[in-house]
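Let's take a friendly look at one residue and then at the chain that holds it. The report starts locally and widens from there.

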Amino acid sequence: MCFQTTKEHETLRMQVRAFAEKEIKPIAFMLDQENAFPLEQVKMLGEMGLMGITFPKEYGGAGLDYLSYAIAVEELARVDGGSGVILSAHASLGAWPIYAYGTEEQKEKYLVPLADGSKIGAFGLTETNAGSDAMGTETTADPDGDYYILNGGKIFITNADYADIYVVTAVTQPGMGSRGISAFILEKGWEGFTFGEHYDKLGIRSSSTAELVFNNVKVPKENLLGKEGEGFRIAMATLDGGRIGIAAQALGIAQGAFEEALKYAKERVQFGKPIAYNQAISFKLADMATKLRAARLMVYSSAELKQKGQPHGMEAAMAKQYASDLGLEIVNDALQIHGGAGFMKGMAVERFYRDAKICTIYEGTNEILRAVISGYIIGRPPKEAAMKSKKSGPVTGVRKKMILKDGTLKERVAQLVAYLKADGYDFTIGLDAETPIALASRVVCAGKGIGPIENMALIKDLAYQAGAAIGCSRPVAETQRYLPLNRYIGMSGQKFTGNLYIGVGVSGAGQHLKGIKTASTIVAINNSANAQIFKNCDYGIVGDFTEVLPLLIETLDNGEPKKEMPQPKKIKRAVPKKLPPSYKLYICSGCAYEYVQDLGDPEADILAGTPFAMLPDEWICPECGDEKENFIEV
């Protein structure tokens, strides 16, 4: 246990603090207000050797220990929480797995530029259905000659499009649970690798956070990190170390808030004396200082364990959970000490207040971390208490997923209209395009993929012929500003609960899909066959919308003005019939245990839906331990 840092550690602290005070603190308010990434300052961090602080000098790093890394993150976060996580995500998430699991060729090609700061790194694990449960990964990597073909996407990715090198996870063996996930190294600029819109966050706004989108990305097989099936283990080991960085970030934010509160309490005079001498305030300051010391010892201790190569998963989880929980308490008290002044934009303590919250969420929510910690303490639950694995379905629930592929584009459009009419949609009637989304029974939604604003003319024409209101995805309203904010549909916007939703150029981000999940019918029109919305729709056409929409408008047009739509009735959603199991059953010859494909074997990380034939050869009967080969087909 390190109870006191060395002289070298404190020298480093002063160097990083001086840099943060000079280069970041003067622009921290601007970075926050403009959601701007401090690219020039990050380059300076590279020149100082901080971007590769823990990596050996032969790979371009500074060769310092993990305590030095924690101190560097802490000192950056002390003036700006976003700057702290930029370094943390780069070093612990983007670069470390390459150092720990990469081949020498991969290290020379990717680790060296990450460690010397000439490149920025990022890590892609989280997906719409794979957050705390990383085994829910749906991004796929299918082998194809000398490549893997990557399809899917990642959300909430720190450093996002400012990064150059990415470590991402994808499923290479479906149905194998954690053993079917592999890790890959990706480069920015590869064909099919694009980015979603930047998230507009509550805090850490100087940190770039966005979505990664993979559309038939060709990943060379030499960019497989580790071996096939090791991706989940690599990700979990990476998070163990990454949590030390987030704990240090939380610590730094809390330290900055404490210093602001102490300074203000000494300057603010009430009743003839500085409020610091009011017992209510002085006790707050005492408690804040005590919490900071306790959290700092936990953070530094976990860093020391990692440096020594000792097990540190539980300690890192404890440090991150404890430091971030206490950080919230400290910034709350710091703002309270400032009173009304602390509630104003431009006050550092107001920014710290917003920055602190995310530390309880990313790299494992504090609820998950408590589960991690308790798992170390009490072990895995007995089999009868284990939860059964269930594969996540589409965000919008069970859908027809009829992607129209046969015939010419005109024939496919005609088929779509025929299906919609058969479902009960009358296109001789319509409603005002400005009808509030929450009250509309039909909506045509414009996504970011529609391109320039001139294309909104097609959206308006389609809305008229479909008898629908006009809506949009969040970027179209917030960033492109083609429509007012009250027209965007999503979890954080308007909820569409009507009958017919037609999405044009909508990729299908999770927050948008949650805003349409109760729609009776979802139609998707997108030029990317891998767009997430196609997994969540009833009908879909893959193609250039500038070709699809004119045909659809023409087909819907009956040559007469639309009649006013009567009070709409909710159209019953068509749910595909559930087919009986199409697989055979297998029974253990030793104990008559029956392997049920619909249930899998959660205790052995076998996901529900895994066919018996795809069970690993080493799998054994969970009841008697008999080998797989001793099962009998029924």
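Thr518 is partly exposed, at a relative accessible area of 41%; partly exposed falls between buried, under 20%, and exposed, over 50% (1.4 Å probe, protein chains only). You will find Thr518 in the loop that runs between helix 15 (510-513) and strand 16 (521-526). Helices (H or I, at least four residues) and strands (E, at least two) are DSSP runs numbered from the N terminus.

Which residues touch Thr518, leaving aside neighbours within four places in sequence? They are Arg399, Phe496, Thr497, Gly498 and Lys570, where contact means heavy atoms within 4.5 Å. Gly192, in turn, is 326 residues from Thr518 in sequence, with 31 Å between their C-alpha atoms.

## How the model was read

This is a predicted model: local features need pLDDT of at least 70, side-chain atom pairs count only at pLDDT 80 or more, and totals for chains, interfaces and linings use all residues. Residues are numbered from 1 along each chain as its sequence is written, and side-chain values use heavy atoms, with hydrogens and water left out.

## The whole chain

The protein chain contains 16 helices and 21 strands. Its radius of gyration is 27 Å, close to the 26 Å from the globule rule for 634 residues, so the chain is as compact as a globular protein of that length. That radius is taken over C-alpha atoms, and the rule is 2.2 Å times the number of residues to the power 0.38.

Of the 634 residues, 52% count as buried. Among contacts between residues at least 6 apart in sequence, 70% join residues at least 24 apart.
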